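Biologist: I'd like to learn how to read a model like this one. Could you walk me through it, one feature at a time?

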Amino acid sequence: MPCEIVTEGVFRAALRRQLSPEQRAAVLRHLREPCEACLDLFEGCTPEEMMLPREQQLSAEEQEALFVRALAPTEPAVTMARAPRRHRWQPQLALGLAAAVAIVALVTTVRPARQQLGGGVKGAAAPTASLIPLAGVSTPTPHVVRALAPGGSLAPGELLLLRIRLSAPAWVYLLSQKQGEAAELLWPRPGTARHEAGEFELAESGSALALEPSALGVGGQLLLIASPKPLSESRLRVKPLHTFEELQRAFPDCGVDMLPIVVEPH
Amino acid sequence: MIQSPGTQIEEPDLVRLAARGDRAAQQALFDRHQRGVLGYCLLACNGDRERALELTQETFLRALTSLRQLQQAERFRSWLYSIAANLCRGFGTQEARRRELLAVVQLSLDVVPPEEEPREREARIALVQRLLSRVTDPGVRAVVSLKYGEPEHTTREIAARLGLPHGTVTSKLVRFRAAIKRELLRAMLEEAP
């Protein structure tokens, strides 16, 4: 026989904090008594349901966003910003969809120091943009297996996948730059639409885009540019950029990020 | 939504896979526990949802990046909530009522901190005793005394010691868990502004 005081409806209202002061007082009084009917009611719910009623639960999108942020450190640049950028031998990344290639190297992602320019990024609408490195494998389609913490390394055989975080809608461009050479556009292909604020993984034709450090070069560096308006290929052709500050100056109205890749013998 | 095919896998196996970097296993662990951790964090910081989301994110970030350090995969749940508890410490937990509420939450979730301090253990036992004082079924009292006693007994051990079928022991514990949830509701209502 159900409890006459703590009914199903009263219980749900209590979890939603929707009891009147009088109801709340009556329920509290009753909960101090050894009512077996109440226990029947409570057997049917979990503590999780009690702590987080249905209407307060995360949506599927919120859950995914939270998981992705938990998987990849949210602000890797903050940690790295304390250390000045070290100039090291930086062989070039070669870009390719994930064909499995045996890689005899450890690839370490290193953040440069990030500082605001004197006036900051111009324009209130300028988005902020972050490149989030992830380790992936190809089986045969590339997919993420773990997050790369700042300074994290790719194991031999792993591929570098990237996630991009935007604070505002933007046209997004990823460039690679060999040491001493002008940057070249890696992604996307022409005609790509604007991206909404949030996070997304780099992909082409529905498949994650993976970077593999198989072709040795010098000065591997990835540059991210998030522009509030489309940029032409000629606008993206810039002289070699060595520091984050130089990148900011080259694209003053844009959100930018820089990810040098250090390849070390394994 | 990222797929999480691991829902049928036992949690310790998921933990071992996740520790090796298996994203699907990490996702499955997240899916299983995000609601409880968020609920815990919400209660810990007095309903501040934004803060609770940050704490939940940080809890999973720390857990997923240091899973390899977890010696006993079976203790994942307790370990996860101990991370959340440590992160939440300071958000109103100095208040006796909030401390009591979080202690009831931990008991309701059946999580015991991996490195429980003697004071915490004493508080947990005192809470169990208080709850037992309002349980009328002597069978429940006998089972619970062994379950949370010194030393703590497994359900199999309790069944053997009391000469009861294992199913009876588990059903008595289910009843006691209902009593814990009654206490949880009471603590939540008392703590609410």
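Modeller: A:Arg163, for one, is found in strand 6 (residues 159-166) of chain A. Bear in mind that this is a predicted model, where local features need pLDDT of at least 70 and side-chain atom pairs count only at pLDDT 80 or more, while totals for chains, interfaces and linings use all residues. Residues are numbered from 1 along each chain as its sequence is written, chains are lettered from A and ligands numbered from 1 in the order written, and side-chain values use heavy atoms, with hydrogens and water left out.

Biologist: Is A:Arg163 buried or exposed?

Modeller: Buried means under 20% relative accessible area, exposed over 50%, and partly exposed in between (1.4 Å probe, protein chains only). A:Arg163 has 7% relative accessibility, so it counts as buried.

Biologist: And what does A:Arg163 touch?

Modeller: Contact means heavy atoms within 4.5 Å. Leaving out residues up to four places away in sequence, A:Arg163 touches residues including A:Val68, A:Glu199, A:Glu201 and, from the other chain, B:Arg23.

Biologist: How many residues does each chain bring to the contact, and what area is buried?

Modeller: Chain B gives 46 residues and chain A gives 49. Buried area is the accessible area (1.4 Å probe) that two parts lose on being put together, summed over both. Here that comes to about 4,400 Å², with 63% from carbon and sulfur atoms.

Biologist: How many salt bridges are there between chain B and chain A?

Modeller: A salt bridge is a side-chain nitrogen of Lys or Arg within 4 Å of a carboxyl oxygen of Asp or Glu. The count between the two chains is six. In B:Arg175 with A:Asp40, the closest N and O atoms are 2.6 Å apart. On chain B, the elements giving two or more residues to the side that touches chain A include helix 2 (23-44), helix 5 (96-108) and helix 9 (166-191).

Technical notes: Helices (H or I, at least four residues) and strands (E, at least two) are DSSP runs, numbered from the N terminus.
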